[in-house]
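I am opening this notebook to record what I looked up about helix packing and charged pairs. The model goes in first, then the entries.

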Amino acid sequence: MAPLRSPHRRLGTRTHRAAMLLIAIIAGVGVLPGVAVAAPAGGGGQQLNAADMTLLNGVRLAGLWEMPAGQMAAEKGQSAKVREIGAGIASEHQRLDQLVVDAANKLGATIPSEPTAEQKGWLAEMQKASGARFDQIFVTRLRVAHGKIFPVIGAVRASTRDATVRKLCEDANGFVQHHMQMLESTGLVRWPELPPAALPAPGEDGLLAAASANSGPQVGVSSTVVWLVFLAALGTGGIATYRMLRRS
């Protein structure tokens with residue numbers, strides 16, 4: 001497989017359809033995943049399962065739309081704070097994107113090469129907005145998106161058996177937390193309207209158990225649990241985001 005390149009060096013590469021089966025959790029697409037695994041380069045290692053691939057795909061997709069979103073904010077944000085934060089997020093996502101591309105190449109994994117249709121819609125929404133309306137959309141969209149990927153990173157880090165995935169989780173965790181802090185510093189986050197945390201029902205082990213799909217090659221059952229837990233949060237998150245933007 002030809003090595004991937006970060007989008008700031010090569011844009012418009014062909015869509016990898018296989019990877020798109022695993023992006024529903026981050027993109028908000030309500031589709032359960034297929035069994036998609038990739039063996040680490042060199043062979044003989046632990047197979048990557050749905051939880052590992054969810055992390056790789058989610059981090060990649062975040063960069064593919066948040067880099068241009070940040071660049072847009074740096075150029076057209078109404079407040080100096082939003083312009084500064086937009087530039088910072090774009091720059092840091094460029095670095096994080098290179099990390100996930102390098103990890104995917106090392107693991108022989110196929111990851112997306114362009115944003116999802118929904119993410120393109122968010123960018124189009126931002127492109128049409130201006131002034132205070134733009135600032136609110138930028139902060140709202142990115143803060144909700146970061147809130148969705150944050151628990152995924154922790155769940156995968158807690159259970160993955162692959163050292164490369166663990167390192168990517170640790171790097172991504174630092175970037176995502178910093179981005180949330182920057183977005184929150186604008187004062188535009190509407191705290192009461194953020195989607196609630198997706199907590200497990202009593203007696204269940206929750207996200208950490210769901211991500212323990214890394215227990216072996218039996219990906220089908222474990223990955224379904226992962227998606228069912230996460231997709232419940234997506235529905236709530238999507239409704240909350242719509243309400244926040246409608247009120248702005």
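I call a crossing left-handed if the near helix is turned anticlockwise from the far one by less than a right angle, and right-handed if clockwise. Helices are DSSP runs of H or I with at least four residues, strands are runs of E with at least two, and both are numbered from the N terminus.

This is a predicted model, in which local features need pLDDT of at least 70 and side-chain atom pairs count only at pLDDT 80 or more, while totals for chains, interfaces and linings use all residues. Residues are numbered from 1 along each chain as its sequence is written, and side-chain values use heavy atoms, with hydrogens and water left out.

Entry on α6 and α7. I looked up helix α6 (residues 131–159) against helix α7 (residues 163–184): their axes come within 9 Å and cross at roughly 150°. Axes here are lines fitted to C-alpha atoms, for helices over the stretch in contact, with angles from 0 to 180 degrees between N-to-C directions. The angle makes α6 roughly antiparallel to α7 (under 35 degrees is roughly parallel, over 145 roughly antiparallel, 65 to 115 roughly perpendicular, the rest oblique). The crossing of α6 and α7 is left-handed. I noted the residues in contact (heavy atoms within 4.5 Å): among them are F138, L142 and F150 in α6, and V165, C169 and M180 in α7. The residues of this contact divide into 13 nonpolar, five polar and five charged. Ala, Val, Leu, Ile, Met, Phe, Trp, Tyr, Cys and Pro count as nonpolar, Asp, Glu, Lys and Arg as charged, and the others, Gly among them, as polar.

Entry on α4 and α6. I find these two helices packed at an angle of about 35°, with their axes 11 Å apart. Their crossing is left-handed. V82, I85, G86, I89 and H93 of α4 make the contact with D135, F138, L142 and H146 of α6.

Entry on α3 and α6. The axes of α3 and α6 come within 10 Å and cross at roughly 160°, and the two are therefore roughly antiparallel to each other. This crossing is left-handed. I list 15 nonpolar, four polar and four charged residues in the contact.

Entry on the end of α4. Just after α4, G108 takes a positive phi of about 70°.

Entry on salt bridges. A salt bridge is a side-chain nitrogen of Lys or Arg within 4 Å of a carboxyl oxygen of Asp or Glu. I get six by this rule. R60 forms one with D97, with the closest N and O atoms 2.9 Å apart. The pair links distant parts of the chain, R60 in helix α3 (residues 50–76) and D97 in helix α4, 37 residues apart.
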